[in-house]
Amino acid sequence: MLASTTEQAGMTGTPGLGSTASNVSTFLDSEFRYILFPVAYGIIFILGLFANLYVLFVLHCLREARAMGEIRIYMTNLTIADLLFVCALPFWIGYYSRHGNWVYTDFMCRLTGSLFFINTYCSILFLGAISVNRYWAVTRPLDAASSDHRRRGIIVCTVIWMFTVVMAIPSLASPGTNTDVNNVTHCFEGYQNETDMQKKTVAATHFAIIGMFFVVFFLVVVCNCLIARALLSQKTPQSEFRSSTIKPQKSKRTLSFARIRPRGVKRRALQMLLAVVGVFALCFLPHHLIQGFWTLAVLQIKQGWGYVDWDQRTLQVFNDAHQITLLLMGLNCILDPVVYFFATRKFRRFIMEHIKKLGKGEGCAHTVTSQISMDSRNQSQKLQSELEQPEKDL
């Protein structure tokens with residue numbers, strides 16, 4: 001029954017329309033997934049494992065350099081969530097390779113399903129936190145720099161992890177597998193045999209999760225639009241800014257984002273905005289647009305709220321579309337590092353310097369970290385001045 005709280009029915013493909021003899025409806029399946037999913041998940045596993053391990057290496061080096069503060073905390077936690085999902089992929093590859101037959105234990109079904117859910121919504125919430133962090137850093141740079149950003153980052157991450165894990169607990173506590181009359185064991189599929197009341201609970205939970213996503217998505221879009229507007233509105237020459245703002249002490253609080261930003265900094269910041277919104281639009285938005293319709297289609301509520309009278313072709317279209325959106329959600333674990341690359345200047349600089357050093361065959365971790373550390377100390381000194389540039393971490 002657990003598909004109710006964790007969206008598991010949507011995780012593994014096609015909670016059916018009748019996988020047992022007691023139900024006259026037929027199991028709604030999409031045969032292409034048994035070819036597409038093993039190949040796609042295999043590629044995602046290799047690229048995701050390499051990319052996220054490298055991200056952890058970079059973030060560790062930046063930690064030694066005391067660079068990036070709060071946003072590094074978000075990136076580290078998001079990377080851990082991606083790695084949890086990547087580690088579960090071999091089980092799903094095996095599942096789809098065997099034409100939807102789960103040969104592992106019921107606990108592994110529940111665990112890997114939960115990891116899919118946790119990765120999806122941790123990614124959504126951490127990307128939202130990164131967007132809010134960037135908005136604050138751009139529009140209120142001095143307040144952001146002077147606050148206890150490390151403590152705030154730890155608190156936000158703790159809340160996100162607790163929220164997603166609590167939501168995933170039912171998937172760990174309830175059986176995840178069921179076996180049909182052909183002795184095929186499904187993992188989080190085949191919930192059409194529940195009572196209408198149970199089905200409505202499942203549907204209500206799915207719609208609540210969908211609603212939560214769109215709240216976060218709206219927040220991300222608004223934050224990034226405001227950042228873009230602030231970036232594009234800066235046209236005052238640097239010389240005019242300096243002559244007009246070195247005035248009273250109170251200007252330290254009011255200068256906010258009034259400083260002109262170099263064209264390259266603006267471009268990189270806008271690229272970060274596009275990367276964050278792009279990950280949401282490509283990986284998460286299609287799934288949550290189709291999820292509500294698909295949930296009603298596969299549950300087949302007989303009467304009352306949630307009842308739909310769609311023909312078999314419509315049901316099949318929703319199911320096929322749902323399979324594609326599942327793959328798109330899996331892409332987030334290899335696209336998140338792209339967001340990191342555009343999110344901060346220190347992260348970009350470390351990677352570029354690292355690549356250059358590797359190209360020359362030199363050991364570079366210590367050298368690059370030392371350079372970043374020196375830059376961070378210089379930046380800290382500049383931060384004490386009224387004219388310290390707020391875009392240094394963009």
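At what angle do helix H4 and helix H5 pack, and how far apart are their axes? I shall take that question as the starting point for this presentation. Please note that the structure before you is a predicted model.

Helix H4 covers residues 69-97, and helix H5 covers residues 106-139. They pack at an angle of about 155°, and their axes lie 8 Å apart. Since angles over 145 degrees count as roughly antiparallel, H4 and H5 are therefore roughly antiparallel to each other. Their crossing is left-handed. As for the residues that make up the contact of H4 with H5, 18 are nonpolar, 6 are polar and 3 are charged.

Is Thr-79 buried or exposed? Its relative accessibility is 0%, so Thr-79 counts as buried. Which residues does Thr-79 contact, leaving aside its neighbours within four places in sequence? They are Asn-52, Val-55, Leu-56, Leu-59 and Tyr-340.

I turn next to the annotation. In an unreviewed entry, UniProt lists residues 35-59, 71-93, 113-132, 153-173, 207-232, 269-290 and 324-343 under "transmembrane region".

What does the model show for two of these spans? Residues 153-173 are 100% helix and 0% strand, with 30 Å between the end C-alpha atoms. Residues 207-232 are likewise 100% helix and 0% strand, and here the end C-alpha atoms are 37 Å apart.

To return to the opening question, the angle between H4 and H5 is about 155°, with the axes 8 Å apart. Thank you for your attention.

Notes:
Residues are numbered from 1 along each chain as its sequence is written. This is a predicted model: local features need pLDDT of at least 70, side-chain atom pairs count only at pLDDT 80 or more; totals for chains, interfaces and linings use all residues. Side-chain values use heavy atoms; hydrogens and water are left out. UniProt positions are given in the numbering used here, feature names are shortened, and annotations may be inferred rather than shown by experiment. Helices (H or I, at least four residues) and strands (E, at least two) are DSSP runs, numbered from the N terminus. Axes are lines fitted to C-alpha atoms, for helices over the stretch in contact, and angles run from 0 to 180 degrees between N-to-C directions. Angles under 35 degrees count as roughly parallel, over 145 as roughly antiparallel, 65 to 115 as roughly perpendicular and the rest as oblique. A crossing is left-handed if the near helix is turned anticlockwise from the far one by less than a right angle, and right-handed if clockwise. Ala, Val, Leu, Ile, Met, Phe, Trp, Tyr, Cys and Pro count as nonpolar, Asp, Glu, Lys and Arg as charged, and the others, Gly among them, as polar. Buried means under 20% relative accessible area, exposed over 50%, partly exposed in between (1.4 Å probe, protein chains only). Contact means heavy atoms within 4.5 Å.
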